[in-house]
Each structure stands twice: as structure tokens, then as C-alpha cells.
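Here are some notes to go with the model. Please read them with the structure open.

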Amino acid sequence: MLSNLGDGFLIAMTWQNLLLALMGCFLGTLMGALPGLGPANGVAILIPIAFSLGLGPTASLILLTSVYYGAMYGGRISSILLNIPGDEPAMMTCLDGYPMARQGLAGEALTLSGIASFVGAFFATWGLVLLAPQLVKIALLFGPAEYFVLFTLAFATLGGISSTNQAKSAFAAALGLGIAMIGSDSQTGSQRFTFGEIHLYDGIDFLIAIVGLFALSEVFIFLEHHKGGAVGNSGAMKIGRIMPDWPMVRRCIPTMGRGTVIGFIAGVLPGAGASLGSFLAYSVERSTVDPDNKTFGKGDPRGVAAPEAGNNAASGGALVPMLALGVPGSGTTAVLLAVLLQLNITPGPLLFQKNPDIVWGLIAALFIGNVMLLLMNIPMVGLFTRVLLVPTRILMPVVAMISFVGIYSITGSTFDVMLMVGFGLMGWVLRKLDVPMVPIILGILLGNEMEVNMRRAMTISDGDWSIFVGSPLAIVLWVVAIAGFLAPIVVGRVLRRKQAALSDEIAEGD
Amino acid sequence: MTFKTTFAAAAVLMTALLPVGAQAEFKAENPQCIAPSNPGGGWDYICRTTAKYLFDLGLIDDAMQVTNMSGGGGGVAFAHVTKERNEDNNLIVAASMSTSARIAQGIYEGATKESVHWLATFGAEYGAIAVDADSEYQSLNQIMDAIKADPRSVGIAGGSSVGGYDHIKPMLLAQAAGVEDVTKLKYVAFSGGGEAMTGLLSGSVQALSGDLSEMLGFLESGDIRIVAILSPERLSGHPDIPTAKEQGYDVIGANWRGLYMPAGASDEAKEFWKNAIQTMTESDAFQADLKAASIEPFNNFGADMDAYAAKTIEDVRTLSKEIGIIQ
């Protein structure tokens, strides 16, 4: 195995490939940082470039996976500086990253999240090397019933995440699930809530919802208050030091470890992907080190390290089912799968035997790209934090412009642009009511998968509900889900009585 | 020399430079191929392959832009072409069995065979039925016997929704086996062939209905067994896979791959694209590409294609009525 990896490095270490990796990392970071453009679009945008340059399979894959990893790094930048997730897996990074930036710790938050990203991606790539063939078997333990319980787990642990008000979280999750129901039913093909509007047939793209709810509502809030100055505290914000001090980093080491493991597992499961990875990493971290909600959501460095390690580990994990099964674990790997097919490489159980040069060249390129990204991201923190010094009156129109251009360039439809504006207005209203946004997005993202897996399970069992507790794996997932649901309620209630003052700052982080 | 004669001379010169024949009247400019799906699917493959070979073979001068327009199972692209681009001479759109099946079942609102101009098919992929390598079922007969005894005893996974082509295939087999109510089959719809395969491998279902190409990797690795291929005769590349026909079920499941273009395009443009695609299918490199993707040659052009599209839509409509998917 190590000699295979050595061969891979020989393939990846040509000047052309290194240059492509560098270019991919830079473009990827940039695309990840721009709200609306995520890893999937970033890769999709570069596909024609890779083909028109006439690159071979390995070179194309090196370019595109560098963009992928780069975008996973870049997503955190706008989360931390602007409270707008650059891409959907970076959503959780907003919760503690933005409060850190407001406390003048923007530089430290960015560097720390860069390190966490590196750790997550580095160990996930090792996971890919060591475990890819075996991990396929774990993925196969998940049948429709187990998937349903897994998604239930995600929603059950949601309560404590983004708000201390459980009812508002539940309302937001229900809203998200409701939006997910729009479109054609993938089981029967019949239309639900589309009212004959063909643009709704495929449901609402979560990117539109994310950009509307997060980015555009920010613009509306600004319009309402109509203040100039810089983001946050009108120009008085400090960037702070760039390197976090050693105690802060050391405190985050176990966090990164947990985030990496959770993120990697979430990435390996087909259909779950990086968003679930960062989400679970954050919620597990919060309930492990801060069960009484004292510091999380208010700028705890561990709340930045956990989701970043999680989503970057998930991006490595998502390559496992894509390469080994031909089943993409996320939107971006679906795009990469398309590239592989286009290059005449059929992913599947035999890929590792049939095209070892491509697989190991790709894996070596991931290691190289990851180091490049770390080296690129830390010195450039200073540059990124300068975004904060841009006055809001300039920044907000830019955010609005990027939102509109981004959505239009992805979908090419004015209907979707109007829909985004609608979501922006909805986000503005919901923010005023202190309703958290994250559960809405999670509902839109996971709602359909949760529903169809439940229906598949029910078809298989001929309507017998006991299928949902029919395997040891399902029972374990239920136990975790119930514990995750009850813990914040029980622990939180006791503590909240003692700390009534908390309620003022509830929805700060979303 | 007056301005007019200069112009005329230039025009003569330009005409002389162009090749003689039907193509002389039409020249593709900034051509576009719409794949009505996200990157990665069969339709995307059609567009990207066509775009590559048309350009590489010098059949078009400008590189062909591939646009992914997903939505409504191809319905968004279909509506876009018929309503907004009906006279576009430089647009071709990927199509397959699903396109004609959805027109037949009325899923694209108001669409008929006449709504677009059917250009060509250049390949087809045959359907197949697979079971897990450890499965108790050794042949299609055993599966059909089990279904006859109890239609709910065999879970069949497929990558299309209920009533889609992966569902129709086992229903046709059950019908040929003499099952009375084929709608009773336990069909579990997954989002795409890849997910359906994981459903089979995880043991959630007992059989898989899909296209052969999606199964080949797993067949070679020994994870699955293909009990029947729905082709007229055994395939030259896989002579050991038995056909459904030789096991006593006369069912053919061919998922064709091809293209359509706007109905309102000029006759010259229609002729140009037909010829370009026909020339492309004669290229060895293109055929090698199809072979690598497990697509069998299956060519229809011009009037043949028009008749084929009409027949395939009519067939699916009759069938869907028989098995109760549409009234």
C-alpha cells in the first residue's frame, strides 16, 4: 500500500501537476469564500477548463480535487468574517466564528479553522488510503431503515444547536421539512405543491434557500438599519493577532480529533456528505465539552475547530464511496463522478485494481493540495481579514451582487433569482422573530432523503413499523438520537433557571 | 469597381470556399447541447460525448457548449426548448428512453411526439436483472416462480420512480410469466442506479432492475450475479449472460440514447445536424467510446428516427395503460 502511495507521489510530483494543484487550491479557496459558489459549482465551473486544456485523466482530477479541497477551506472565510456561509458545509462555522470575529479574534479564528481544516482533511485522506476497500462494507450496513434513523438523529440533536429556544428550533426544522416536500415525489413521480410551475418540479435548490436566508437577509437587515461603517462594530473592529496562542490551539486538539472522526464517517455514508459532517461534529462537540451552553455560540474556538475539521474530513470521506462504489457521498463527489465517467474511468469495486495510477495519483495530489492550502491560507489570513475593514455600504451591495450573479450563473433562471429574494425576505422576518436558520436549511437538505428512506423501508417491510428497530445499528442510532434530544432539554432547563440573563443573546449566532 | 460588385465578388468567393452539398447552406455557430440533468447522468454523457466528437472530427468549427438544465425529469429542458428556443438552429438536446416514456405517460405537460424534431439515436443499453452473489435465486425462473407464489416476497430495487423504466421492466417480465396483477410487485424506488445497487448489496432488497452498464463493475468483482439480460440475443461482449427470452420471457428492454432539436429549426439545420451525428457514429473512436460505456450500436436517423420515436412513444403508452400507470 505504501509503495502504491509512493508511485502516486511520483505521478503527482511533476511541475505541471504541482502547478495545477496550486491553481486549483487558489481558485477553490476563492470560490469557497464567495457566498453561493460552493465546491460543487467550483468543480463544475472548472470542468470545461480542464477538458479544453486537453489535460489527461490524472491531471484533470488533480486540478478538480484541488478546487474541491480548496473550496472546503474557503467556505469558512466568509462564515467567520461576514456571518454568511461561503458554502453550505461552512454553515456551522458561523455559529462561533462570527462571534469570535466580533470580539476582535478574526485572525485567530481564521488561522485556527485553517489548522482544523488541515487536520480534518489530512487524516481523512489517510483514512481513504487505509480504509477505502473496507469502508465500503460499513456503508453497506445502512439500509433504508438505518438511513431514516440516522437522519432522525440529525434532527433530534438539532435542538441545542442554534438556539436555546427548543420550540423555535422545532418550528424552523418543520419549516425546512415542509419546503423539502415541494417538487416531484421521487418515489412516484407525482407533483407536490408545485401548482403547475415547472421550475418547482425538481424542488427548491438548497443553494437558493441558503443564499436567500443567509446572505440576502443580511442585506435587508442592513437596509433597515441603514448604517454605514464596517461589518459588526462600525469600523472599530480589530483584526487581532493572526496566530492563536498555544493554549488555545492545544485546547482544540481533542476537538479536531473528534471532529475528524465524525466528519469522516458522515462523509463515507452516501447521501450524507459534508454538511452533516460539520453539523454532527459541532453538536457532538458542544454536548461533550459545553453541555450547559456557556461558551458555545458566543465565540468558543472549539466551536470553530470542530465543524471545520468535520467538513474537511467529510470531503475526504465522501471520496470513499465515490471511488469504491461509484455512489457519490455528496453533491461535489457527484460532479467528480461525472468527470471520471467522462474520462472513461468507471468507479466501482475494481477501480483500485484497474486504474491504480489514477487512484494513487489522485490520493497523492490530495496530500499535496492539503499542504499547499495550509501554507496558502495562513499567510493570507491578513489579506482575508481586510474584508472586515470594507465599509458596509460597499460590502452589502457586493454581497447582494454576488448573491444574484451566483444564483443566476448556477441555475440560469430568473425564477430562481426571484425565489432567492423571497427567501431573503423570509429570512429577514425570521431573524426579527429570533427563529434560527440552521434547522431550516437542514430540513431542506435532509428532508427528502429522510422521507424516501422511510418510504423505502415501509415498502420493504410491507408496512411493518418494526423495521426501524430491526437491526442493532438502528437501535444504537435510536439510543444516540434520544439521548441527544433529551440532554439539552434536561440539562438546559436546570441551568437556564440560574442564568436568566442569557435570553438576550439567543439568536446571535445563526 | 463599385461597392456592389465588390460585395458580389466576395459572396461568390465565399460560396466557392464552402464544401458543396447540403451543409453549404447551414453552418453551426456557437452550437449548444442541453443535457436535461445534472452532470454525471446518461443525458450528460450523451451531450459531452457528442460535443467532444463533433468538434474533434471537425464537423463543427466552434466548440459545442454543454449546458446542464435539470428539472422535472427532463421536463424543464423540454419546456425550455419548445417554448423559448423553438426556432434555434444551433441547439441539440440529449434524449433517451426516459424522454419518450415521459412523453407517453403525459409527464411533460402537453408534450407530443411532434413538439420537437427527433434527430437520431446512436446507441442503446439493454436492461438486466441482477441478484446478490449469495442469493438463493439462481435463475430468472426461480425469481418469477417466487413472485407468482407471492408478489410481495421479492423486493426489487430500481433507479427510477414508480412507473419509470426500471419498474416497467420487471412488470413486463411478470406479465410474461403469467402474474395476474403486476402492480402488486414490491418495487423499491431509489434515486439512480448507483443507490439501487447499494440497496441490493446491503440486503435490503432481493433483486435489482437496471441497465447493464451500471452492473458490470459489480459483476466483475463477483458481488452480484446477472440472471437475465433483456436483449434479443446474448451480447457478444458477455456471452455467458442468458437472455430473458431464452428463459421463456419474451421481453426486450432497450434504453436508447439519442438527441432531439427544436421543431421550428430550419430544414437545412435539421439536415446538417442529422449528417453531422451520422458522420460521428461512423468514427471508430466514437464507437470505441460507446463500447467502453457498454452501449450497443443502435442507429436511427432522419425519417427512420421519426418513425422510431413515434413507435416507442406509442409502445410505452399502450403498456402503461395495460399495467394501469395511466388511464
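1. Ten residues of domain 1 of chain B are in contact with eight residues of domain 2 of chain B, where contact means that C-beta atoms placed from the backbone lie within 7 Å. On the domain 1 side, helix H4 (residues 97-104) of chain B gives the most, with three residues. Sorted by class, that side has four nonpolar, four polar and two charged residues. Here Ala, Val, Leu, Ile, Met, Phe, Trp, Tyr, Cys and Pro count as nonpolar, Asp, Glu, Lys and Arg as charged, and the others, Gly among them, as polar.

2. This is a predicted model, in which local features need pLDDT of at least 70 and side-chain atom pairs count only at pLDDT 80 or more, while totals for chains, interfaces and linings use all residues. Residues are numbered from 1 along each chain as its sequence is written, chains are lettered from A, and ligands are numbered from 1, in the order in which they are written.

3. In chain B, domain 1 covers 29-125 + 255-322 and domain 2 covers 132-253; such bounds come from an automatic or database domain assignment. The C-alpha centres of the two domains lie 27 Å apart.

4. Strand E1 (residues 32-35) of chain B pairs in the parallel sense with strand E2 (residues 65-68) of chain B over four bridges, and B:Gln32 stands opposite B:Gln65. E1(B) is also joined to strand E3 (residues 91-96) of chain B, in parallel, by three bridges, with B:Val93 as the bridge partner of B:Ile34. Pairing requires that DSSP finds at least two bridges between two strands. Helices (H or I, at least four residues) and strands (E, at least two) are DSSP runs, numbered from the N terminus.

5. Strand E5 (residues 155-158) of chain B runs parallel to strand E6 (residues 186-189) of chain B, with four bridges between them; B:Ile156 has B:Tyr187 as its bridge partner. With helix H6 (residues 165-177) of chain B, these strands make a right-handed β-α-β unit: with the strands pointing away from the viewer, the path from the first strand over the helix to the second runs clockwise.

6. Are the faces of E6(B) covered or open? Both are covered: B:Lys186 and B:Val188 on one side, and B:Tyr187 and B:Ala189 on the other, are all buried. A residue is buried if 20 or more other C-beta atoms lie within 10 Å of its own, exposed if 12 or fewer, and partly exposed in between. In a regular strand the side chains alternate between the two faces of the sheet.

Note on methods. Contact = placed C-beta atoms within 7 Å.
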